[in-house]
Amino acid sequence: MHATSTDSLVVDRVHCGPPESGNGGWTSGELAAYLSPGAGDGVTVRLSSPPPLDAPMTVTLADGVATLTHAGHLVATARPGIVAPLKTDAVDLAAAADAETRYEALAGHPFSTCFSCGTDRDPEEALCLRPGPLADGSGRYAARWTPPAASPSLVWAALDCPGGWSAGIAGRPMVLGEMTAAIDDLPVPGEEHVVIAWQTGSSGRKHQSASVVQTTDGRILARATATWIAVDPATIRPKEH
């Protein structure tokens, strides 16, 4: 029999995605940390329901899997996963800044308070990423990012939303369904980085993306693949109990 441990996790309102639920990337990063991944180790997080805000959720760690529940309902699970090395041409800061001018949410954001990419957030407390399509015709999206801290959960959040925009959030609001991420090195706080994302597939309501965080000299620090689910924004609310 394997030992089981429990803990409590709270996603505060600062780290929201949709207005009444947690940001998928941030929440996934917080849960992934319970598996204590080493450098380059991948973790897959599957979100089963919107994470509630400002509410204690139960984390159960057993048999190498971390399970997040709230009032008896499954919110997410984290288990070891694999992210193959993602190869993509480097993007410099000037090209990323130019891509930001084409950020589709500048004309209307389905979740404008999102911690990662919301247009109604203060840069002092949120990432405020503006991923837009590059001008090189590759279909890739890019945004600049200056991390305030060397935090794995911040890296997960930075990898999150750019993937969604590259997968087509502008045409069909989507939420994160599953994300597998690996961090080879944490970013240096206060230094500029670039997040690059691109669509890798689409079938029905499901859309796939890949994303990386790179340094200004083109070194990839973190990588992720994700599956997104098209939704009606009005329905994205945690279960009430």
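How many residues line the second largest pocket, and which of them lie nearest its centre?

Author: The model is predicted, so local features are reported only at pLDDT of at least 70 and side-chain atom pairs only at pLDDT 80 or more, while totals for chains, interfaces and linings use all residues. Residues are numbered from 1 along each chain as its sequence is written, and side-chain values use heavy atoms, without hydrogens or water.

The second largest pocket has a lining of 16 residues, and Ala126, Leu127, Cys128, Trp145 and Thr146 are those nearest its centre. A pocket here is an open set of points on a 1 Å grid over the protein atoms alone, where a 1.4 Å probe fits and protein lies on both sides within 12 Å along at least five of seven lines; lining residues have an atom within 4 Å of a point. The space in the second largest pocket is about 260 Å³, a volume filled by probe spheres set on the points. Its lining divides into nine nonpolar, one polar and six charged residues (Asp, Glu, Lys and Arg are charged; Ala, Val, Leu, Ile, Met, Phe, Trp, Tyr, Cys and Pro are nonpolar; the others, Gly among them, are polar).

The largest pocket holds about 360 Å³ of space. Of the 27 residues in its lining, Pro18, Gly24, Met174, Val175 and Leu176 lie nearest the centre. Helix 3, strand 8 and strand 11 are the elements that each give two or more residues to this lining, and the largest share, four residues, comes from strand 8. By class, the lining of the largest pocket has 17 nonpolar, nine polar and one charged residues. Helices (H or I, at least four residues) and strands (E, at least two) are DSSP runs numbered from the N terminus.

Gly24 also belongs to helix 1, which spans residues 24–32 and has eight of its nine residues buried (buried is under 20% relative accessible area, exposed over 50% and partly exposed in between, with a 1.4 Å probe and protein chains only). Besides Gly24, the buried residues of helix 1 are Gly25, Trp26, Thr27, Ser28, Gly29, Leu31 and Ala32. Their cover includes strand 2 (42–47), strand 3 (57–62), strand 4 (65–70), strand 5 (73–81), helix 3 (152–167) and strand 8 (174–183), through contacts, meaning heavy atoms within 4.5 Å. At the start of helix 1, a side-chain oxygen of Asn23 comes to within 3.1 Å of the backbone nitrogen of Gly25.

Salt bridges (a side-chain nitrogen of Lys or Arg within 4 Å of a carboxyl oxygen of Asp or Glu) complete the picture. The count is nine. One of them joins Arg121 and Glu125 at 3.3 Å, N to O; Arg121 is buried at 11% relative accessible area, whereas Glu125 is partly exposed at 41%. Another joins Asp185 and Arg219 at 3.0 Å, N to O. Because Asp185 lies in the loop between strand 8 and strand 9 (193–203) and Arg219 in the loop between strand 10 (206–214) and strand 11 (220–230), this pair ties together parts 34 residues apart in sequence. Asp185 is partly exposed at 37%, and Arg219 is partly exposed at 44%. Arg13 and Glu20 form a further salt bridge at 3.6 Å, N to O, and together with Asp54 they are linked in a network of salt bridges.

Terms used: Polar contact = N/O pair within 3.5 Å; in protein donor to acceptor, adjacent residues only side chain to side chain.
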